[in-house]
Amino acid sequence: MSDSNENPAAVPTLLPDVQGDGRWMSMHNHFVSSSKDKEPEVVFIGDSNVQLMHQFEVKIWRDLFSPMHALNFGGLGEGTQHVLWRMENGELKHIKPKIIVLWVGTFNQGNTAEQISGGIQAIVRCMQQRQPQAKVVVLSLLPRGKNPNPLRDRNKQVNELLAEAMPSMPNAMLFDLDPGFVHSDGTISHNDLYDYLHLSRQGYARICQPLHKKLLQMLEGGGVPAPQ
């Protein structure tokens with residue numbers, strides 16, 4: 001499902017201000033204004049997993065991604081519809097990156113795998129329209145929960161749907177981040193995902209090294225792999 005008229009995960013939507021302090025809108029306005037004097041090669045866009053990549057794991061970001069003049073537009077616990085709203089309301093206006101990294105979907109509440117996949121594809125199309133020069137790297141959703149659970153199954157299905165869809169989307173690719181977080185007994189360690197949803201320092205190190213290698217390859221001319 002990708003039709004925004006039928007899919008709530010593909011309809012640009014403001015994140016509800018449940019705390020009443022306007023943080024999300026202030027963050028969005030900051031991203032728009034602060035990008036006016038930047039010339040990034042890579043822009044990371046997505047939910048709090050993207051945000052924490054920069055804020056929680058400062059050394060990883062500084063060592064791996066800052067040399068790429070990367071910007072981090074990671075938000076709060078957003079769904080695809082909230083990131084889509086941000087993309088349609090100015091966050092891509094002042095920059096011309098070579099690569100956009102998108103990571104969102106695990107925080108979509110009440111949506112099916114088909115809806116989340118459709119929402120991610122809607123964001124990719126928005127990025128392609130506004131930044132036609134950029135290659136879009138969609139990061140796979142990670143498993144979640146200490147033990148097997150329906151949301152973990154849903155994330156796995158989203159990845160399968162994206163793997164089918166991405167080859168037909170120009171200049172876009174799916175990058176599988178999971179280094180094997182699920183053990184043979186079906187459990188996930190808190191050493192990798194400290195609350196079984198957000199990555200620990202060790203978890204970020206495991207995913208960021210191969211991601212850094214892929215982005216360097218693309219910046220050096222590797223491009224997006226052709227569909228098989």
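Colleague: Is serine 35 buried or exposed?

Modeller: In this predicted model, serine 35 sits in the loop between α1 (23-34) and β1 (42-46). Its relative accessible area is 1%. A residue counts as buried under 20%, so serine 35 is buried.

Colleague: Which backbone oxygen lies 2.9 Å from a polar atom of the side chain of serine 35?

Modeller: Two backbone oxygens can be named here. That of phenylalanine 31 lies 3.2 Å from a polar atom of the serine 35 side chain. The 2.9 Å distance belongs to the backbone oxygen of valine 32.

Colleague: Leaving aside neighbours within four places in sequence, which residues are in contact with serine 35?

Modeller: Contact is taken as heavy atoms within 4.5 Å. With the neighbours within four places in sequence set aside, the partners of serine 35 are Leu71, Phe73, His94 and Ile95.

Colleague: How many residues of strand β3 are buried?

Modeller: Strand β3 covers residues 99-103. Ile99, Val101 and Trp103 point one way from the strand, while Ile100 and Leu102 point the other way, and all are buried. The count for β3 is therefore five of its five residues, by the cut-off of under 20% relative accessible area.

Colleague: Which residue in β3 stands opposite isoleucine 45?

Modeller: β1 and β3 pair in the parallel sense, over five bridges. Within β3, the residue opposite isoleucine 45 is leucine 102.

Colleague: What is the bridge partner of isoleucine 100 in β4?

Modeller: β3 also pairs with strand β4 (residues 135-139), in the parallel sense and over four bridges. Together, β3, α5 and β4 make a right-handed β-α-β unit. In β4, isoleucine 100 has as its bridge partner valine 136.

Colleague: How many disulfides does the structure hold?

Modeller: A disulfide is a covalent bond between the sulfur atoms of two cysteines. Cysteine 126 is buried, with a relative accessible area of 3%, and cysteine 208 is buried, with a value of 0%. A pair would need its sulfur atoms within 2.5 Å. The number of disulfides in the structure is zero.

Conventions: Residues are numbered from 1 along each chain as its sequence is written. This is a predicted model: local features need pLDDT of at least 70, side-chain atom pairs count only at pLDDT 80 or more; totals for chains, interfaces and linings use all residues. Side-chain values use heavy atoms; hydrogens and water are left out. Helices (H or I, at least four residues) and strands (E, at least two) are DSSP runs, numbered from the N terminus. Buried means under 20% relative accessible area, exposed over 50%, partly exposed in between (1.4 Å probe, protein chains only). A polar contact is a pair of N or O atoms within 3.5 Å; within protein, one must be able to donate a hydrogen and the other to accept it, and residues adjacent in sequence count only if both atoms are side-chain atoms. Two strands pair if DSSP finds at least two bridges between them. A crossover is right-handed if, with the strands pointing away from the viewer, the path from the first strand over the helix to the second runs clockwise.
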